[in-house]
Amino acid sequence: MIFTEQQTRHEQVLAVAKAMMAAARTAPKGKGIDRLEIRTVCGEELKTLADEMRAYGERSGYKFFLRDAGNVEQSECVVLIGTALGVMNLNCGFCGFATCEEKMCHPAIPCALNPGDLGIAIGSAAAIAADFRIDNRIMYSAGRSALDLGWLPKCRIAYGILLSCTAKSPYFDRQQQNPVIPGK
């Protein structure tokens, strides 16, 4: 049998996405408490994600969502990693409150360790993509839109890692967008 790289590209990228999901899951977490949700989006769902990103960009005035939506459509898949919010009972004060008990009166404000753990997981996942020479880009916009779609139902903070395996990375020469900041 003879096959080309193009014939196996999706399978290769999907295998890397699965390894990225495992790396994110096994990344160190504060006090060993795991609040992550991890998903991979491929196929028609990429268009759903891109459409939601465009809709959010139009609603919010943040034009970079429109640009980033085009990158999602150029991707083979997107790994989504998000975190639920919860306290670690360390009374560290990193969240701005003196105690975890005080912070719990403000459930919309994250414990500082929640986004920290998320960042470590994202870094671990992106390192796997780099190890396999799969082009990738971490995007707040993809994670934000995935939350709006309900794809990470327990999460309040999320990012997407876009993956591509083409001759030239679609994430390299991106159109410059002047972000519109609502109210300015």
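Mentor: The model is predicted, so local features need pLDDT of at least 70 and side-chain atom pairs count only at pLDDT 80 or more, while totals for chains, interfaces and linings use all residues. Residues are numbered from 1 along each chain as its sequence is written, and side-chain values use heavy atoms, with hydrogens and water left out.

Helices (H or I, at least four residues) and strands (E, at least two) are DSSP runs numbered from the N terminus. Helix α5 runs over residues 113–131 and has 19 residues. From first C-alpha to last, α5 reaches 27 Å, close to the 27 Å expected at 1.5 Å a residue; the expected span is 1.5 Å times one less than the number of residues. Buried in α5 are Leu 113, Asn 114, Asp 117, Leu 118, Ala 121, Ile 122, Ala 125, Ala 126, Ile 128 and Ala 129. Here buried means under 20% relative accessible area, exposed over 50%, and partly exposed in between (1.4 Å probe, protein chains only). Arg 133 follows α5 and has a positive phi, near 60°.

Thr 40 is partly exposed, because its relative accessible area is 25%. Beyond neighbours within four places in sequence, Thr 40 contacts Leu 14, Ala 17, Met 21, Cys 77, Val 78 and Val 79.

Helix α2 (residues 44–60) has 17 residues and reaches 25 Å, close to the 24 Å expected. Its buried residues are Leu 46, Leu 49, Ala 50, Glu 52, Met 53, Tyr 56, Gly 57 and Ser 60. They lie on the same side of α2 because they cover an arc of only 160° around the axis, the arc being that of the directions from the helix axis to the C-beta atoms. Exposed Glu 44, Glu 58 and Arg 59 sit on the face of α2 turned away from the buried side. Gly 61, with a positive phi near 85°, follows α2.

In α3, the buried residues are Phe 65, Arg 67, Asp 68, Ala 69, Asn 71 and Val 72. These pack against α2, β2, β3 (135–139), α6 and β4 (157–164). Helix α6 contains Ser 145, which is buried because its relative accessible area is 0%. Leaving out neighbours within four places in sequence, Ser 145 contacts Leu 49, Glu 52, Met 53, Tyr 56 and Phe 65.

Cys 165 lies in the segment after β4 and counts as partly exposed because its relative accessibility is 21%. Cys 165 and Glu 5 are 160 residues apart in sequence and 10.0 Å apart in space, C-alpha to C-alpha. Not counting residues up to four places away in sequence, Cys 165 touches Glu 5, Arg 9, Val 13 and Ile 134. For Thr 40 and Cys 105, the corresponding separations are 65 residues in sequence and 34 Å in space, C-alpha to C-alpha.

Conventions:
Contact means heavy atoms within 4.5 Å.
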